[in-house]
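Please read them alongside the model.

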Amino acid sequence: MTAGSGVLLVLLSLSGALRAHEDLTARETCKAGFSEEGYTALISPDILQGERLLKVEFSSCLGSQGTQYETNSLDFKVGADGTVYATRELRIPSEQVAFTVTARDRRTAEQWDAVVRLLVAQTRSSHPGHKRGKKKDVTLDPSQPPRDTLLPWPPHQRSGGLRRQKRDWVIPPINVPENSRGPFPQQLVRIRSDKDNDIPIRYSITGVGADQPPMEVFSIDSMSGRMYVTRPMDREERASYHLRAHAVDMNGNKVENPIDLYIYVIDMNDNRPEFLNQVYNGSVDEGSKPGTYVMTVTANDADDGTTANGMVRYRIVTQTPQSPSQNMFTINSETGDIVTVAAGLDREKVQQYTVIVQATDMEGNLNYGLSNTATAIITVTDVNDNPPEFTASTFAGEVPENRVETVVANLTVMDRDQPHSANWNAVYRIISGDPSGHFSVRTDPVTNEGMVTVVKAADYELNRAFMLTVMVSNQAALASGIQMSFQSTAGVTISVTDINEAPYFPSNHKLIRLEEGVPAGTALTTFSAVDPDRFMQQAVRYSKLSDPANWLHINASNGQITTAAVLDRESLYIRNNVYEATFLAADNGIPPASGTGTLQIYLIDINDNAPELLPKEAQICEKPGLNAINITAADADVDPNVGPYVFELPFVPATVRKNWTITRLNGDYAQLSLRILYLEAGMYDVPITVTDSGNPPLSNTSVIKVKVCPCDENGDCTTVGAVAAAGLGTGAIVAILICIILLLTMVLLFVVWMKRREKERHTKQLLIDPEDDVRDNILKYDEEGGGEEDQDYDLSQLQQPEALEHVLSKAPGVRRVDERPVGAEPQYPARPVVPHPGDIGDFINEGLRAADNDPTAPPYDSLLVFDYEGSGSTAGSVSSLGSSSSGDQDYDYLNDWGPRFKKLADMYGGGEED
């Protein structure tokens with residue numbers, strides 16, 4: 001704006017006393033961040049060092065102790081409580097100063113930013129005629145009513161000389177108290193330009209609250225320039241408004257540059273403090289010292305936190321129970337931290353306290369401030385300040401010997417700490433009396449009792465009783481300064497009772513070594529058992545439990561083992577040269593007890609088995625040199641009673657050595673081959689003597705069947721040669737084939753005879769001559785013929801009997817019978833096994849009558865019913881076809897009907913000849 005612009009007069013008319021407004025903030029409930037994105041304050045141009053300018057409000061939900069403030073300006077700093085102050089003496093040359101305040105959380109390193117604007121109230125001369133250098137200071141005292149006229153724009157120079165441009169005025173903020181009762185609209189300010197003396201001017205305002213939502217909070221009289229507020233304000237809804245005032249002529253041309261107007265809502269104490277939670281839960285260890293932190297309660301006040309309206313103070317109203325003191329806790333009035341103030345917290349006496357906390361604004365003034373309450377529930381947590389103690393100094397128990405996993409005694413303890421916690425759970429330890437570890441003490445998780453359990457069997461013959469010393473402690477260590485009680489140790493006496501124990505074999509399994517082949521009755525060893533019951537006079541008896549080959553015998557009194565048969569190492573009952581037998585030792589106690597022992601006999605091999613020649617059969621070519629037979633031997637004995645073997649041909653018969661020869665390959669193998677140049681094909685038995693290397697050596701003569709046959713060039717027997725070698729000539733082969741053919745012929749004839757017999761059995765004897773049998777000559781034509789006019793035919797046989805009820809209910813006429821009727825079945829006459837020829841006619845007639853009267857007789861499911869055509873049919877009547885079988889009827893005309901009726905003509909036309 002130039003210095004020659006018109007003078008704008010601002011007439012401030014406020015209803016009531018207005019206070020100077022510092023920065024206004026609104027704290028969000030438990031949401032970290034600044035209460036406002038930007039803060040604005042009105043300051044004087046000259047600032048002293050350390051002068052407080054405004055206060056920023058930051059909420060971290062965890063108190064202000066962990067928040068650190070910083071700025072990007074060296075001239076301004078922020079204190080721990082959010083107060084912005086100057087670091088040195090300053091003079092602000094410009095209309096405003098802006099810088100950024102940063103709040104940083106020390107623990108999470110998270111940071112938030114807010115912008116601070118400081119508006120400078122500048123001085124102006126009282127009228128345009130003042131000389132340069134002579135200024136009159138304008139002091140803005142918020143406690144005094146504002147002047148009626150302000151010049152937001154410099155007055156216009158009316159001289160025609162050179163004009164010096166001046167900066168725009170900065171209008172101080174307009175303060176409006178919230179919750180005003182009106183009347184509305186209420187005038188705030190009047191805007192007037194000095195040009196309205198020359199031309200008509202129209203005034204308007206723009207911005208949030210005017211022409212932007214919320215709409216029409218502020219209005220202006222376009223002609224007079226008076227600006228109004230139209231309704232009560234709520235600082236908690238919106239704390240400030242930024243409007244722009246405009247001055248234009250009647251044609252809409254700008255007369256003055258727009259000027260900024262800042263409107264601040266002055267806070268009133270209209271909000272109670274609100275606790276973040278209605279119920280707070282905290283805990284503190286029993287026995288805690290005074291000053292121990294317990295918990296923090298927090299209440300937020302929506303009013304301005306920089307004023308007393310939003311400054312909350314805390315106090316404890318009541319404490320329940322009031323034991324051991326009515327003031328066990330105190331609260332920091334500013335931070336809400338609850339700490340212990342007295343000693344004597346004991347969970348075993350008081351487990352929980354209920355504290356009513358009151359939060360009051362107006363810095364805790366109960367006369368003017370608004371209050372609210374919340375409940376703090378403080379749980380006294382358990383510490384291990386009570387050592388466990390046995391309920392008795394001694395305990396006793398009893399256990400039979402050789403028992404394990406048996407509870408022999410229950411040790412009961414008492415602990416006043418929190419049940420089923422580490423401070424209460426007992427841990428038992430045997431400190432003396434059980435050097436061999438026969439017992440352990442386990443804790444019952446429900447009752448906390450100690451269960452003395454046998455983990456290693458006790459022997460009555462070694463220990464008849466145990467004197468144990470058991471100590472009990474907790475899973476958690478005792479609290480500092482708490483000593484173990486002398487009742488934390490107890491004695492436990494365990495008595496061992498004697499029972500009848502089974503005899504046992506000291507050496508089990510027992511191994512002895514001897515040669516096989518010892519004769520029956522040879523004493524081998526004494527396999528005796530020991531009875532552990534030394535204090536009982538008992539006898540032990542022995543018996544066999546398992547003897548697979550039944551080779552052994554045991555003396556029932558002393559356990560001496562003798563042979564009952566010859567022991568053979570090559571027996572099937574031997575495994576890896578070892579024979580096993582199991583014996584039983586039983587005492588005569590009550591009840592009797594028995595034990596088992598295993599005797600292992602390792603049999604040393606002797607040369608008692610001669611070698612056997614392998615293979616038993618072979619084949620060779622009839623000419624030497626083409627192939628040979630590899631032979632070896634098998635011996636049931638083991639080394640050194642096996643190979644190397646000696647293979648020899650016997651001297652008798654002489655043909656053996658004449659025709660055959662043996663060549664030694666190694667100690668176990670040799671070759672049998674032809675000695676002569678040609679040997680006729682056939683089967684030959686070649687005896688060979690095999691001798692082993694035992695001491696003394698054993699020999700065996702075995703026969704190998706050798707098939708000599710003609711061979712091909714590869715040395716393989718031909719097919720013809722193989723047959724010839726088998727000993728079958730051509731005549732024998734032909735005889736075998738003839739026998740096979742005869743056998744097949746006999747089987748075929750038998751099958752044909754059986755089929756004919758089966759066919760004859762199923763063939764029924766015809767009552768008429770086969771030549772007169774027309775069953776295979778009847779031809780079916782798909783022609784129904786013409787209509788019927790003669791109704792003299794008896795169709796009753798094609799209908800169901802009228803006596804049936806369901807038939808009577810039907811309409812009269814010909815009915816379709818396609819289902820089995822329901823009615824009594826007549827009795828058919830029994831056919832004689834061997835009927836007399838004269839009785840055939842009577843039998844047929846009786847059967848016919850029975851069938852005519854049988855409603856269930858077939859063909860009840862195949863009867864076809866054709867529609868009745870009525871009279872007037874074009875077809876002729878067939879009533880002339882009589883059913884009589886008299887001989888006066890002439891059937892010769894049937895010969896004229898063609899070949900299809902030839903059989904019928906032969907049957908009836910030649911009756912006289914018959």
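1. A polar contact is a pair of N or O atoms within 3.5 Å; within protein, one must be able to donate a hydrogen and the other to accept it, and residues adjacent in sequence count only if both atoms are side-chain atoms. The side chains of serine 371 and threonine 360 make such a contact, at 2.7 Å.

2. This is a predicted model, in which local features need pLDDT of at least 70 and side-chain atom pairs count only at pLDDT 80 or more, whereas totals for chains, interfaces and linings use all residues. Residues are numbered from 1 along each chain as its sequence is written, and side-chain values use heavy atoms, with hydrogens and water left out.

3. Serine 371 lies in strand E28 (residues 371-381); strands (E, at least two residues) are DSSP runs, numbered from the N terminus. Leaving aside residues up to four places away in sequence, serine 371 touches Arg272, Pro273, Gln358, Ala359, Thr360 and Leu366, where contact means heavy atoms within 4.5 Å.

4. Strands E11 (residues 96-105) and E12 (residues 111-120) pair in the antiparallel sense over nine bridges, and glutamine 96 stands opposite leucine 119 in E12.

5. E15 runs antiparallel to strand E18 (residues 240-249), joined by seven bridges, and glycine 207 stands opposite leucine 243 in E18.

Methods
Helix = DSSP H or I, 4+ residues; strand = E, 2+ residues; numbered from the N terminus. Pairing = 2+ DSSP bridges.
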